[in-house]
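Colleague: Hi! Could you walk me through this one? I'm still new to reading structures.
Modeller: Happy to, let's bring it up on the screen.

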Amino acid sequence: MTHDSTSNLPGAACPLPLAHTDRIVMGHGSGGKMSHDLIARLFIPAFDNPILRAGDDAGVFAASKGTARYALTTDCHVVTPLFFPGGDIGRLAVCGTVNDLAVMGATPRYLTAGFILEEGLETAVLEQVVRSMQAAAAEAGIQIVAGDTKVVQKGSADGLFITTSGLGTIPEGIHISGNNARPGDVVILSGPVGDHGIAVLAARGEIEMETDVQSDVAPLNRLVAALLAAAAPEIHVLRDPTRGGLATTLNEIARQSQVCIHLNEASIPVRPAVAAVCEMLGFDPLYVANEGKLVAIVAPGQAEAVLSAMHQAPYGAEAVIIGEITAAPNGRVLMKTAIGGTRIVDMLAGEMLPRIC
Amino acid sequence: MFTPYRSPSLVQATLAEIRQATSQPWVIMEICGGQTHAILRYGMEQLLPPETELVHGPGCPVCVTSLDLIEKALAIASDPQVIFTSYGDMLRVPGVDRDLFSVRAAGGDIRVVYSPLDALRIAQQNPHKQVVFFAIGFETTAPANAMSVLQAKALGLKNYSALVSHVCVPPALSAILNSPANRVQGFLLAGHVCAVMGYHQYPSLAEQYRVPMVVTGFEPLDIARGILETVKLLESGRVEVRNAYERVVTFEGNHAAQEAIARVFEPCDRKWRGIGAIPLSGWKLRPEFQAYDAESRFQVGSIQPEESPLCIAGQILQGLKKPPQCPAFGRACTPEHPLGATMVSSEGACAAYYHYPAS
């Protein structure tokens, strides 16, 4: 147990801090601050290299100096239930990795897939997941070229876990990174937030709640290709806000680029059904997971061109401008609230918990 | 959600009325953590006249649940025969040196539920396990918790019990108003609590301590209206209890809910985390429902840890200090490393300040 520097602070004698440094808890997988702390404390120092240190969704490198650049990424997929309205773990496993490549401006080419299967899993379930991966790969235009399968004893896994790794090629002249947001840039969001998180939550059946919300899980590479074709040099940052939601993703960008992101709450789309569930459980839709949304930060002169290109492309029909970049206070996300106040939008802390009332 | 209660123009108009009505500084406490959360989430404090100071009251049930009850919960949840069920917020509240997350990571079967009736269903589905529900909350959650005990009895369930930690608003108000350091001049009463209990308990309190009180809801317009009514009463020197949440709250409250509470619970002394013991400020199970009392079933009554006497959370819950005045706020104490319960729950004053600070 780490007690931090609390003992040095005069007057601070609250109950002891629980840093959760001695054991992994669910919050370490939330995609929020606890995940970031774990990465910063353990993984980055251990594996440190310039490619990893860039802190983007995929590592970007050239095979040798002056040759074509590649994007390489990996993603583990665990979801309960395996099938949910709008998708399943197979579609998620393909799209998650395709999207991590696409947001680096890469053309996704090849995927590998690792399967950890729990003893007793019905083969029909596995077949259905594999067919779904096949369909998603066809939609994204990529090939799955290698794989591995392991079986663990009953109780050692939750049915089926999938890990996918992906390789993409980055066209000449494309330089997209979370470091590139500049004051004056415009923030565009491809559609309503929170659909995936709420669809999966409802599908778990733990709460008495009927909703028709569908997961937004989708491959975004064609959407990205359309906006690169419209305004490639003026597109500075692309990200897909997944775990931790839009709020966490924008905080990552604000910190990486050392800028301030100003949002306008009234312009951030949330489906009424998602808003209703969030109201009921005390969730903020800005922190709920998405699996098929794109954030694009672009030079102001190209915002309209990018927006109209997105409107014509798959999964971009509901794209809107949600904010802009300023210089200060850097590293922060601010939001003008619906009634005209301003507040800071922070990262997700640990696990998202329903409020009591 | 597109309700008129979040309409920017209606809220702005009410805020303008507040500015017009205000001629001098006033200190107003909102009781309920849900109101604190909304005030900070919508950035309302910046929109109020500088003379209006809001202080954030003790109305977060997660924050005020005493350390000994948390320790009892941790002990029960560690029992391999137990499925421990709780509202999500409680999992992060630190006990002496661990929280329910730690117990879960060490193998405890701890499940987040949204209602005690979910816990009851888990008990029916797991007849060979003991299912315990952490029954925390103000008057708001008491009816459902009472119903779960009545249903368990009706169903003859032997494996369901509740770890009861109910607290009540009026005794806490008295405690705040009795404090020699009290600064609060008017109260926004907790709308949900009043929906259950009505507000007939408050006129005598208002009269005794000479402070106006206004029953207030949770949307920005509700809160703005509650503040406006309170400021008007303060400015005119009138001591009254008014209802600015008429669409939900009546003077008498919900009789059926009150009857369920009265059948199952009786008043008791209760410790509030950070504040200390307040006489007759809680509810416990009546003797005829002792069979459903987790504290006696698991014999954890002797767990009585000492709370630090210096924790600032108590002063925050009483409105004597604001979260940023704590030297640990936002540095050593953050929602993922909470030092105090007020940082843990999203309804806690410190967490609300941390998530929604004024820019």
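**A chat about helices, domains and charges**

Modeller: Let's start with helix 8 of chain B, residues 169–178, which is mostly covered, with eight of its ten residues buried. Keep in mind that this is a predicted model.

Colleague: Which residues of helix 8 in chain B are buried?

Modeller: They are Val169(B), Pro170(B), Pro171(B), Ala172(B), Leu173(B), Ser174(B), Ile176(B) and Leu177(B).

Colleague: Okay, over to chain A. How many helices and strands does chain A have?

Modeller: Chain A has nine helices and 14 strands. Its radius of gyration is 20 Å, close to the 21 Å that the globule rule gives for 357 residues, so chain A is as compact as a globular protein of that length.

Colleague: And what does the C-alpha trace of chain A span along its principal axes?

Modeller: About 55 × 55 × 45 Å. Of the 357 residues in chain A, 52% count as buried. If you take the contacts in chain A with a separation of 6 or more, 81% of them come from residues 24 or more positions apart.

Colleague: Changing topic, which domains does the assignment give for chain A?

Modeller: The domain assignment gives domain 1, covering 67–174, and domain 2, covering 186–344. The C-alpha centres of those two domains of chain A lie 23 Å apart. Where they meet, 22 residues of domain 1 and 23 residues of domain 2 take part in the contact.

Colleague: Let's zoom in on helix 5 of chain A. Is helix 5 enclosed or open?

Modeller: Seven of the nine residues in helix 5 of chain A (residues 195–203) are buried, so this helix is largely enclosed by the rest of the structure. The buried ones are Asp195(A), His196(A), Ile198(A), Ala199(A), Val200(A), Leu201(A) and Ala202(A).

Colleague: What covers the buried residues of helix 5 in chain A?

Modeller: The cover includes strand 3 (83–84), helix 3 (89–102) and helix 8 (272–281), each from chain A.

Colleague: And which residue with a positive phi follows helix 5 of chain A?

Modeller: That's Gly205(A), with a phi near 70 degrees.

Definitions and conventions: Residues are numbered from 1 along each chain as its sequence is written. Chains are lettered from A and ligands numbered from 1 in the order in which they are written. This is a predicted model: local features need pLDDT of at least 70, side-chain atom pairs count only at pLDDT 80 or more; totals for chains, interfaces and linings use all residues. Side-chain values use heavy atoms; hydrogens and water are left out. Helices (H or I, at least four residues) and strands (E, at least two) are DSSP runs, numbered from the N terminus. The radius of gyration is taken over C-alpha atoms; the globule rule is 2.2 Å times the number of residues to the power 0.38. Buried means under 20% relative accessible area, exposed over 50%, partly exposed in between (1.4 Å probe, protein chains only). Contact means heavy atoms within 4.5 Å. Domain bounds come from an automatic or database domain assignment.
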